[in-house]
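Welcome! Let us walk through this protein together, one step at a time.

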Amino acid sequence: FLVRPAGSNTGPKVTITASQPGTTFSDVVTFTATATPADTVAQVEFSLNGKVRAVRTSAPATWELDTTAVANGAHTLSVRVLDADGSDRLTTDAGI
C-alpha cells in the first residue's frame, strides 16, 4: 500500500465485474472495471498473473481475454486505476 498525507487524494475506487470464484471460462471472456469518480480516470490497467495485458484511458473499461491463449488453471486478475493527479488504486479478483 501507499501512505499519503492526511487529506490527500487516495485515488479512484475500482470494482471488477467478473465471476464467482471457481467459475470455468472458455473462449473469450469480457471483464469490466468501473471506477468512481469516473470523470477523473486517466488510465485503467488490466493485468493477468502480474503482467499488464491491456491499458484503457477511461472508465468503465473493458478487456477481452482469449482463454485459449492461457493455460488451464487458476489465474489472478488485477486492475489498477490511475487518476489525473497520478493517484492510483489497485484491486485484485483472485477468483478467476
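Strand β3 and strand β6 (residues 77-83) pair in the antiparallel sense over seven bridges. Two strands are said to pair if DSSP finds at least two bridges between them, and strands themselves are DSSP runs of E with at least two residues, numbered from the N terminus. To find one of these contacts, look for Val44: its bridge partner in β6 is Val81.

Before we go on, a word about what you are looking at. This is a predicted model, in which local features need pLDDT of at least 70 and side-chain atom pairs count only at pLDDT 80 or more, while totals for chains, interfaces and linings use all residues. Residues are numbered from 1 along each chain as its sequence is written, and side-chain values use heavy atoms, with hydrogens and water left out.

Now for the overall plan. Of the 96 residues in the chain, 34% are buried, where buried means under 20% relative accessible area, exposed over 50%, and partly exposed in between (1.4 Å probe, protein chains only).

Let us return to β3, which covers residues 41-48. Six of its eight residues are buried, so the strand is largely enclosed by the rest of the structure.

What does the chain do between β3 and β4? The two strands form a hairpin with two residues between them. In the loop there you will find Asn49, whose phi is near 55°, a positive value in a residue other than glycine. Asn49 counts as partly exposed, because its relative accessibility is 43%.

Next, turn to β2 and β5. These strands pair in the antiparallel sense over six bridges, and Val28 stands opposite Asp66 in β5. In a regular strand the side chains alternate between the two faces of the sheet. You can follow this along β5: Ala61, Trp63 and Leu65 make up a covered face, while Thr62, Glu64 and Asp66 make up an uncovered one. Ala33 is found in β2, and with 1% relative accessibility it counts as buried. Ala33 and Ala61 are 28 residues apart in sequence, yet their C-alpha atoms are 5.3 Å apart in space.

The structure holds two aromatic pairs. Rings of Phe, Tyr and Trp (its six-membered ring) pair if their centres lie within 6.5 Å; planes under 30 degrees apart count as stacked, over 60 as edge-to-face and the rest as tilted. Phe31 and Trp63 form a stacked pair, 6.2 Å centre to centre with 25° between the planes. This pair links distant parts of the chain, with Phe31 in strand β2 and Trp63 in strand β5, 32 residues apart. Phe46 and Trp63 form a tilted pair, 6.0 Å centre to centre with 35° between the planes. Phe46 lies in β3 and Trp63 in β5, so this pair ties together parts that are 17 residues apart in sequence. Phe31, Phe46 and Trp63 form one aromatic cluster. Phe31 counts as buried at 0% relative accessibility, as does Trp63 at 7%, and Phe46 is buried too.

Two loops deserve a quick visit. In the loop between β2 and β3 sits Pro37, and the peptide bond from Thr36 to Pro37 is cis, with omega near -5°. Pro60 is found in the loop between β4 and β5, and the peptide bond from Ala59 to Pro60 is also cis, with omega near 5°.

We finish at the largest pocket, which has about 260 Å³ of space. Of the 14 residues that line this pocket, the closest to its centre are Phe25, Thr67, Ala71, Gly73 and His75. On a 1 Å grid over the protein atoms alone, a pocket is an open set of points where a 1.4 Å probe fits, with protein on both sides within 12 Å along at least five of seven lines, and lining residues have an atom within 4 Å of a point. Its volume is the space filled by probe spheres set on the points, which are joined across faces, edges and corners. The lining divides into eight nonpolar, six polar and no charged residues; Ala, Val, Leu, Ile, Met, Phe, Trp, Tyr, Cys and Pro count as nonpolar, Asp, Glu, Lys and Arg as charged, and the others, Gly among them, as polar.

Definitions and conventions. Helix = DSSP H or I, 4+ residues; strand = E, 2+ residues; numbered from the N terminus.
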